[in-house]
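User: Could you take a close look at one strand for me and tell me how it sits among its neighbours? I would also enjoy a few words on the setting around that part.

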Amino acid sequence: MSQSRDKSGGLKLIEIEGGPRTHSGHRGLDHEEPLIFEQGAPESTGVDLPEVGDFTDRLGGLARQGPTGLPGLSEPEVVRHFVRISRDNHAIDMAMYPLGSCTMKHNPRLNEKVARLAGLAEVHPLQPPETAQGALELIDTLAHWLITLTGMPAVAMSPAAGAHGELCGMMCIRAALDARGESRQVVLVPESAHGTNPATAAMCGYRVEAIAADPRGRVDVAALAERLGPDVAGVMLTNPNTCGLFESDIVEIARLVHAAGGYFYCDGANFNAIMGRVRPGDLGIDCMHINLHKTFSTPHGGGGPGSGPVVLSEALAPFAPRPYVIREGDGFRLVESEHDPADDGRAFGRLKGFHGQMGMFIRALTYMMSHGADGLRQAAEDAVLNANYVRAGLEDVMSLPFPGPCMHEVLFDDASLKDTGVTTLDLAKAMIDEGVHPMTMYFPLVVHGAMLIEPTDSESKASLDEFIALMRGLMADAAAGDVDRFEGAPFHAPRRRLDETRAARQPVLRWRPPAPAEAAE
Amino acid sequence: MRYLPHNEGERAAMLAAIGVGGIDDLYVDVPEDVRLDALIDLPAHQGELEVERAIAGLAAKNMSAATSPFFIGAGAYRHHVPASADHLIQRSEFLTAYTPYQPEVSQGTLKALFEFQTQVAMITGMDVANASMYDGATSTAEAVLMAARVTRRKRAVLSGGLHPQYRDVVQTMLRYTEFSADGAAVDFAGDEDLAALIDDDTACVVVQNPDVFGRLRDLSPLAEAAHAKGALLVAVVNEIVSLGAVVPPGDMGADIVAAEGQSLGNPLTFGGPHLGLFACRDKHVRQMPGRLCGETVDAAGRRGFVLTLSTREQHIRREKATSNICTSSGLCGLAFTIHLALLGDVGFRHLARLNHARAVALADRLAALPGVEVVNESFFNEFTLRLSRDAGEVVSALAAAGVLGGVPAARLFPGEAAAANLLILATTETVSDGDVDRLEAGLKEVLS
């Protein structure tokens, strides 16, 4: 309810819903903004460039003939457009974003500031290495932090994101097996794994087989031991796993995999729960990617860029891709090719152009230096504390498939919604109306109607208390049979539910100019 | 620690609410013998001032294009990024949002992606583009894999004018698949005959325009030759600004365009993050890798946008997905979209013409120097010089004189004797007349 004045000057309570239809189509601060292609004029521009005099082109007869079709807008029009559409996004800076497995923690602005220093942002990857010693030192320093935190002997820095890091790690495994003269065909992956794990294994030519989970939500060690054999190249396991649980038998799993001659890939997407508390190197793993955009808070930016360095065991390190940084004399150098005398020819190849996601390296190192060894450990502990606080606050009204302490995220299933007529999806959309971003839903696949909540270390106790209260309220509404507020949700978002089926059946993937007849009207 | 909200009292209250005595009780699943009691041997936390000073110290050890005459390209180009573009991408709503999995509260990101896809399709002359890949090199590798799926063939032919890092990435990504990519010999002379390499098992021909030496070529005859044998043409563009001046690959018969979009909106940052662009024809869209944004309506009938055709992707299809890619280059794509929105058709073509004009003037000036020969007959904003001595030594000498003067071809093609004296030089709108004077003077001195 809100207030307005009645004729006598007093306040009259009114319903918040509805209100008059507006002439503009806007609703107060909520603007209906057209696409850039529906604005401006072809001859307009938002830049001023120096005039170009007449000259004879040297384009080899390939000069562009027609216009591009791009719209022309002035700078104020462009700025207003992007400011307006930005306001239709949920963001960490606005409210809680407990998207499990995605680690939506605070993005410090210092990281953005230093990434824009001209001495870093305006350095070319192919300028002479002697003119880029600071850049190479920064990569080397970050590498030192990563191998120290993980207790692993080496790190490959170039992968551009988590899935790219998985590819790097699995290619190292394939190269190491090839070097041993072995052609193993199978990679074992738990059903709870991120979809990128099986997709990556397939790109390395492996057949993927599922590993069963035990009733505690961990790998069934007996079943794994049974399946391991001379055809198994390796195991890909997320730890802490996607149910938010630490794989308590991980040391034994590593021993079994190695005894069978395979390698152990650890998906490090959830390293943020254990940094400073456990070193993956002490667990017996062979490689693990680290999502700098999750654990070390380089921003997600609406879908990247990420960065996925991979820490490697002694057995896999020789096969890491080029390029890599080495120390030489007082300085640093890049090894970029098999022709370099420092290279022994065992690298499996190159994974991307240039040397890695430097902009993300700068931000991640800034984050790590800001926290220090003490702060990183505290951040892990607070992430775990927060998830367990949410668990404790909700476990009497929501269904916990795997009881007991969790790590940095807590997994619920939809048993508590049974017979209410409300689904996981409905509950997620109702959370939008409550001002928070929904949790990850329907993942992992091992429980029914999964809801994976990751508060992160950035949430205050007050914020968590508010979240627990709103979730309890929604669960009470569901139990009371108030289905309408769920099925219609969200009511208070820039859009109501969107028709995803229509989008897939009749794909419209770009704007096109209106048909000529229509345009002539 | 300024980023962690709890105080000790709150932590204690929360532990009590959970019903445990201490934080260690929440780590009970970690085997005892691997638990760390002591802090890891790394420095302790520091304030903003100290961290900024440390990072700035590293930055100060680099020579920057902001303060040195700068002529380096070879796949990453320094253009002026409008202040408003960099400002807008730092808005919280864009910077601190995730992939738009909940479209009702992600219309800002989704609308920008729809505009991005449309812009990429428009400037490349293609039907449809995805929401971005990691970079131009990985886009190229994904294009080869897609061509193999579309044609059900196993072999790609790579031009000898392809950026060698792109070639290496393609060959690495195919290394453990059933597919292979044969690189033609490095095309120093610009006379390779790729059509002759196409056979009935060729999935695609991959050709870069302008090529790594800066030369332009008409792709149409190659497209015809490929299509005649049932193969696809993959066109690679690593200087996207060139499309403001040059016939787009879509108009020359390309089936897939893989490109690097860094030039618009994004700084060099020592090579990453950059922006992979990927465009194709409508008929192949279901074989495309990566995310796609599509238009739809909401329950109230209003236009809205969602991620779509996700049955191609790893989170649904797992080991049968078209690619393992998940996170791509969202924010770099937003910077690209804002920069291109500011340019518009007029500005984009003007910018390209300006770059080309500068390059023509630079080539003419340097050609007059003794010991310098311009190799290219055609180029956009980058061309190759044949010098009278080793180009690596020349670049080092120029750097010592404060000029970042291009990329020695031998750095890109180590082990190729023919590369020794070749220098690849780029120029853009950011290069001043004074910068050119210093390059000219430096070259004159080094080559005398």
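**A strand and its neighbours**

Analyst: Let us begin with a pairing: strand S5 of chain B runs parallel to strand S6 (residues 256-260) of chain B, and four bridges join the two. One of the contacts in this pairing is between Ala235(B) and its bridge partner in S6(B), Val257(B). Please keep in mind that this is a predicted model.

S5(B) also pairs with strand S4 (residues 202-208) of chain B, again in the parallel sense, this time over five bridges. Here Leu233(B) of S5(B) is the bridge partner of Val205(B). A helix belongs to this part of the picture too: S4(B), helix H8 (residues 220-228) of chain B and S5(B) together form a β-α-β unit, and its hand is right-handed.

How enclosed is S5(B)? Strand S5 covers residues 232-237 of chain B, and six of its six residues are buried, so the strand is largely enclosed by the rest of the structure. "Buried" here asks for 20 or more other C-beta atoms within 10 Å of the residue's own. The cover is found on both faces of S5(B). On one side the buried residues are Leu232(B), Val234(B) and Val236(B), while Leu233(B), Ala235(B) and Val237(B) are buried on the other.

Now for the setting. Chain B is divided into domain 1, residues 83-339, and domain 2, residues 345-447. Their contact draws on 15 residues from domain 1 of chain B and 21 residues from domain 2 of chain B. On the domain 1 side, those residues split into 10 nonpolar, three polar and two charged. Taken over C-alpha atoms, the centres of domain 1 and domain 2 of chain B are 28 Å apart.

Chain B also meets a partner chain: 175 residues of chain A are in contact with 170 residues of chain B. Helix H9 (358-394) of chain A is among the helices that each supply at least two residues to the chain A side, and H9(A) gives the most, with 22 residues. By class, this side of chain A holds 88 nonpolar, 54 polar and 33 charged residues.

Notes. Residues are numbered from 1 along each chain as its sequence is written. Chains are lettered from A and ligands numbered from 1 in the order in which they are written. This is a predicted model: local features need pLDDT of at least 70, side-chain atom pairs count only at pLDDT 80 or more; totals for chains, interfaces and linings use all residues. A residue is buried if 20 or more other C-beta atoms lie within 10 Å of its own, exposed if 12 or fewer, and partly exposed in between; C-beta atoms are placed from the backbone. Two strands pair if DSSP finds at least two bridges between them. A crossover is right-handed if, with the strands pointing away from the viewer, the path from the first strand over the helix to the second runs clockwise. Domain bounds come from an automatic or database domain assignment. Two residues are in contact if their C-beta atoms, placed from the backbone, lie within 7 Å. Ala, Val, Leu, Ile, Met, Phe, Trp, Tyr, Cys and Pro count as nonpolar, Asp, Glu, Lys and Arg as charged, and the others, Gly among them, as polar.
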